Amino acid sequence: MAVADPVVLGAVAERPARVRRRLRMGAWELGGLVVLVLVSLIAIFAPLLAPHSTTQPVSAGPFAAPGHGSLLGTDDLGRDLLSRTLYGIRSTWLSALAVVGSGIVIGSIVGTVAAMVGGFVDTVLMRVTDLFLALPGPVLAIVAVVALGPSLPHTLLAVAVVWWPWYARIVRGEVRALLARPHVDAARLAGTSRFALARRHLLPGAVPAVLVTGSLDIGNLVLTLSGLSFLGLGAPPPTPELGAMTANGLTYLFGQPWVALVPACAVFVLAFAANLAGDGVRDLLDAV
Amino acid sequence: MLTATRVRTPDVATAARSEHALEVRDLHITFPGGVQALRGVDLTVGRGEVVGLVGESGSGKTVLGLAALGLLPAKATVTGVAALAGIDMVAATDEVRRQARKLHAGAVFQDPMTSLNPTMRVGQQVAEAAGSLEAATVLLDRAGIPDPQRRLTQYPHELSGGLRQRVMIAMAIAGNPDLVVADEPTTALDVTVQAQILELFRELRDVTTSFVFVTHDLAVAREVADRIVVLYGGRVAEAGPTEEVLNAPQHPYTSALLHARLGRHSRRGEPLPTLPGEPPNPRQPADGCAFAARCAHVADACNEALPALEIVSPNRSIACVRRAQIGAHVTRLRAVEEWPPTPAYTSELALQMRNVTKGFGRGKARRVAVDGLDLDVRKGSCVALVGESGCGKTTTLRMAVGLERPDEGFVETGRGNPPQLVFQDAGASLTPWLRIGDLMEEPLRNAGVPAKERLSRVKDTLALVGLPETVADARGAELSGGQRQRVALARAVLIPPTLLACDEPISALDVSLAAVVLNLLGRLSRELGMAMLFVTHDLAAARFVSDEIAVMSAGVVVERGATEQVLAAPASDATRELLAAVPDFEAAR
């Protein structure tokens, strides 16, 4: 079958090229991706990994230095820092994913509807998007906590409300560009409904842009959420949260520095790895 | 580095005394991924000569042009010699290459908009090449640009496509270079503008500047070239004086290319002769002659070794081991398929458009594309809609299939399945991330065809356009250009529409592929009894496919009638202009 050849050959020849593209990603970005995978595993398995309770003192007593009966030391109340940090990573990480996830879902819906319907609806939706974009996240979080009481879900709600507009704008732009392509006309002529058009012929094309933004955003969110928690706008104590733990440890910074530094370093590693991994994802998608 | 440059520069300047403007010897170019673009090309361009480099996409013609200019990407593996005015652009350092280009070469590419700097005035850009604004004015004048003084202060976007290409040409000929490489310089232009630009190239020929004119269109090559070099599969198949090669082709490929071409000899209602098989795969080139798999004269010897380019007469060379046996009796390519008879005449309409008006934009920016148009297409007939770009053809077509709604008037399609459209760019009409099978099932699923039946319908339709079932598992990008065209057609006729609208379906295709697509359209429309609305600016294609022609100009149909009648005795200026602009192959003979 001479006619079939290009199909087969195309597929075969593409494989080594793709492998090479993957290798072309820088070592830093690759490292970031690896750390991210590790962090995700830690987040999922924190309850299994944590050697001690996060709220009960351990036998080493308060202010035990790292290595003395507790791997990363204990805090002012004698609680195991390793266990608390692992749980802190879990809550920060999952919160960041949840905010990005909700942003992608809401933003995709708003952006797609705006782009596909166009005209008046587009104008209204985009002005509403701009309105939300103008709200300052931290201030909104303070308002939410004051009005609804301190709790992590309230903080997340406040952050999510200011986070989705970015995705709405990106998705709208991508979908508008895709709408001008002949394949959309072809699908319309095939009798495809509007919903199926969006799901099958438009949104998959916006995935790369959204994925890149999303992965770079996670680093931002780790910093934002830890910052809010540092200011006392996260879950109330004794829930282990990286920001709150750092804030608590500041008092003892010169005597027992590990109390503040352990959770602070965790924030740093998370944000750094997320940013590197974001760059890595972008390289990967750009190359394809 | 600096000293090296100083030593080199005089070399570059004086090298221009070499005998040839371009001398290519045994040039091989391989790109990463194993694409062998050129596989041993020899080519000489004498002083003041115009050489037409003819070949289909993938033949390596563009790469050869780039190699002559030393503009190949660094990742390409190059061996052999490509000497521009005596300077080997393969072995030279970047600095020497740059100097050589500056002193000895000029280039014109297909799309002038991407070659010109959009933020710079035309005058500045040309002056960069010419040295001064005065020199730029002279050049623009030489390139046939009216009122060059005024153009100097304009930006590229303020000029028409034809004028932009003239600006590019003016920049290319600045400083009387030894060689100008023009890569498909008229392909993106309207026929009428193309004719003017070709005329300009003829005027510009002089004793010092040589041109390499890269094109896929034999008629265009005939208009400008002294000598034609035919490339196939990264090698020269045949080279010789234009008239000799085109009137008495000796290589079977050249002959096939000539016969697959639409022209006055093409008879309506009869399939066109086509080349069997697919173009060669540059990743896995044949050990022997690249054309052997598609050649009517193939023998065992063809597959054993690469045919050498033999000089048969002072100016003529041919790469074919069977040359002696074939001689001047190259088998004429014949049509391999037969068509069922055309459906009987009926007055029932497949499409009726009455007093249709459509505009875009609002207020001052509003532009009326279609302005009170009437158009009928009878069931089972084919109407060609011709006209210059911007006359409203495509908008009319989009309204006919229901992709746009008219502002005024009405559009009605006949009873039966909804109309379908064959897009100009078949590849772009396939959703890139979906498999072909998935894409083809979609219209059936939407029409409520049960899952079991869908698969067999898809297979049957793929077979109808001559594709194997395996194509259903591929995505658009994994297919060859020809396969994509077939898939796009198959998808359009999956549920045979009452009306099949075609938007310039062959304008972007190579000669041999265009013939395949036209044959498919002709056969399918007869087998399935579809009416066709065929939008084109190519009168040869219109003559071949259509029963009636409707000529559009400025948003209205200015002339319509039986195809032969309109072309033989055009009644409107728009039609006469279109006819005059066609680079007529037969007339030039």
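The model is predicted, and local features need pLDDT of at least 70, side-chain atom pairs count only at pLDDT 80 or more, and totals for chains, interfaces and linings use all residues. Residues are numbered from 1 along each chain as its sequence is written, while chains are lettered from A and ligands numbered from 1 in the order in which they are written.

Let's start inside. A nonpolar core is a set of buried Ala, Val, Leu, Ile, Met, Phe, Trp, Tyr and Cys residues joined through C-beta atoms within 7 Å; buried means that 20 or more other C-beta atoms lie within 10 Å of a residue's own, placed from the backbone. The largest such core has 246 residues, with B:Ala68 and B:Phe534 among those having the most contacts inside it. Its largest share, 14 residues, comes from helix 10 (residues 258–287) of chain A. Helices (H or I, at least four residues) and strands (E, at least two) are DSSP runs, numbered from the N terminus. Beyond its neighbours within four places in sequence, B:Ala68 is in contact (C-beta atoms within 7 Å) with residues including B:Leu22 and B:Leu84.

Next, the sheet. Four strands of chain B make an open, antiparallel sheet in the order 2-1-4-5, where pairing takes at least two DSSP bridges. Strands 2 (35–46) and 5 (87–88) sit at the edges, each pairing on one side only. Seven bridges join strand 1 (residues 20–31) to strand 4 (residues 77–84), and B:Ile29 has B:Val78 as its bridge partner in strand 4.

Finally, helix 15 (residues 436–446) of chain B has buried residues including B:Ile436 and B:Glu441. Just after this helix, B:Gly448 takes a positive phi of about 80 degrees.

Technical notes
Buried ≥ 20, exposed ≤ 12 C-beta atoms within 10 Å, placed from the backbone. Contact = placed C-beta atoms within 7 Å.
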